[in-house]
Amino acid sequence: MSNPNNRTRLSKDNACKPKDAALRLLALALLIFTLNATASAADQGNGIKVDRVSFPVTLSDGNTYEVAGYLYYQGSFHNRTLLLALHGGNYNHKYWDVPVINGHEYSFARYMAARKYAVLAIDQLGTGESS
């Protein structure tokens, strides 16, 4: 006969799975610093560097997918606070790097990188350049 306390414990454990997945994604984002950038570009005006990065994520279905993103930084990203920028519903990583409009800059990623933060703007799975 099964113990009802075990069923409660199992359902509580299952409720933590999305949190565990989010923590794993954050851990993978932090590991991004060990990965080689597949593309790199630099702003001439303020020295902001932008590296395209990608890393594999294995989901509970057993399949491996690719999370793509862009790392913004000035100088070196070592020993910098990393800001992980996640977009909402119908957007992608470009939400955090809006181009100059009428001579005004609106890029959060570049603004924070100029202030010595490293910003990782990713495309969530199923959006932008992620699988």
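User: Where is Asn 102 found, and why is Asn 102 called exposed?

Analyst: In this predicted model, Asn 102 is found in the loop between strand E4 (82–86) and helix H3 (108–113). Its relative accessible area is 71%, and the label exposed applies over 50%, so Asn 102 counts as exposed. The backbone of Asn 102 also has a positive phi of about 50°, although the residue is not a glycine.

User: What makes Lys 116 partly exposed?

Analyst: Lys 116, which is found in the loop between H3 and E5, has a relative accessible area of 47%. Buried requires a value under 20% and exposed a value over 50%, so Lys 116 falls in between and is called partly exposed. Phi of Lys 116 is near 75°, a positive value in a residue other than glycine.

User: How do you know that Ala 121 is buried, and which residues is Ala 121 in contact with?

Analyst: The relative accessibility of Ala 121 is 0%; because buried means under 20%, Ala 121 counts as buried. Ala 121 is found in strand E5 (residues 118–123), and, leaving aside neighbours within four places in sequence, its contacts are Gly 69, Tyr 70, Tyr 72, Ala 85, His 93 and Trp 96.

User: Why does His 93 count as buried?

Analyst: His 93 has 6% relative accessibility, and the limit for buried is under 20%, so the label holds for this residue, too. His 93 has its place in the loop between E4 and H3, and, not counting residues up to four places away in sequence, it touches Tyr 70, His 87, Ala 121, Ile 122, Asp 123 and Glu 129.

User: What makes Arg 52 and Glu 66 a salt bridge?

Analyst: Their closest N and O atoms are 3.9 Å apart, and the rule asks for a side-chain nitrogen of Lys or Arg within 4 Å of a carboxyl oxygen of Asp or Glu, so the pair qualifies. Arg 52 lies in strand E2 (residues 48–58) and Glu 66 in strand E3 (residues 64–74), so the pair ties together parts that are 14 residues apart in sequence. Arg 52 is buried at 18% relative accessibility, whereas Glu 66 is partly exposed at 33%.

User: Which residues are linked with Arg 52 in a network of salt bridges?

Analyst: Arg 52, Glu 66 and Glu 129 are linked in such a network. Arg 52 also forms a salt bridge with Glu 129, where the closest N and O atoms are 2.6 Å apart. This pair links distant parts of the chain, with Arg 52 in strand E2 and Glu 129 in the segment after E5, 77 residues apart.

User: How do you know that Asp 97 and Arg 110 form a salt bridge, and are these residues buried or exposed?

Analyst: The closest N and O atoms of Asp 97 and Arg 110 are 2.7 Å apart, and the cut-off is 4 Å, so the pair meets the rule. Asp 97 is in the loop between E4 and H3 and Arg 110 in helix H3, 13 residues apart. Asp 97 is buried, with a relative accessible area of 17%, and Arg 110 is buried as well, at 18%.

User: Where is the pLDDT below 50?

Analyst: The protein chain averages a pLDDT of 78, yet over residues 6–16 the pLDDT is below 50, and it stays under 50 over residues 32–44. Where pLDDT is low, the predicted coordinates should not be read in detail.

Conventions
Residues numbered from 1 in each chain as written. Predicted model: local features only at pLDDT ≥ 70, side-chain atom pairs only at ≥ 80, totals over all residues. Heavy atoms only, no water. pLDDT = per-residue confidence, 0-100. Contact = heavy atoms within 4.5 Å. Helix = DSSP H or I, 4+ residues; strand = E, 2+ residues; numbered from the N terminus. Buried < 20%, exposed > 50% of the residue type's maximum accessible area, 1.4 Å probe, protein only.
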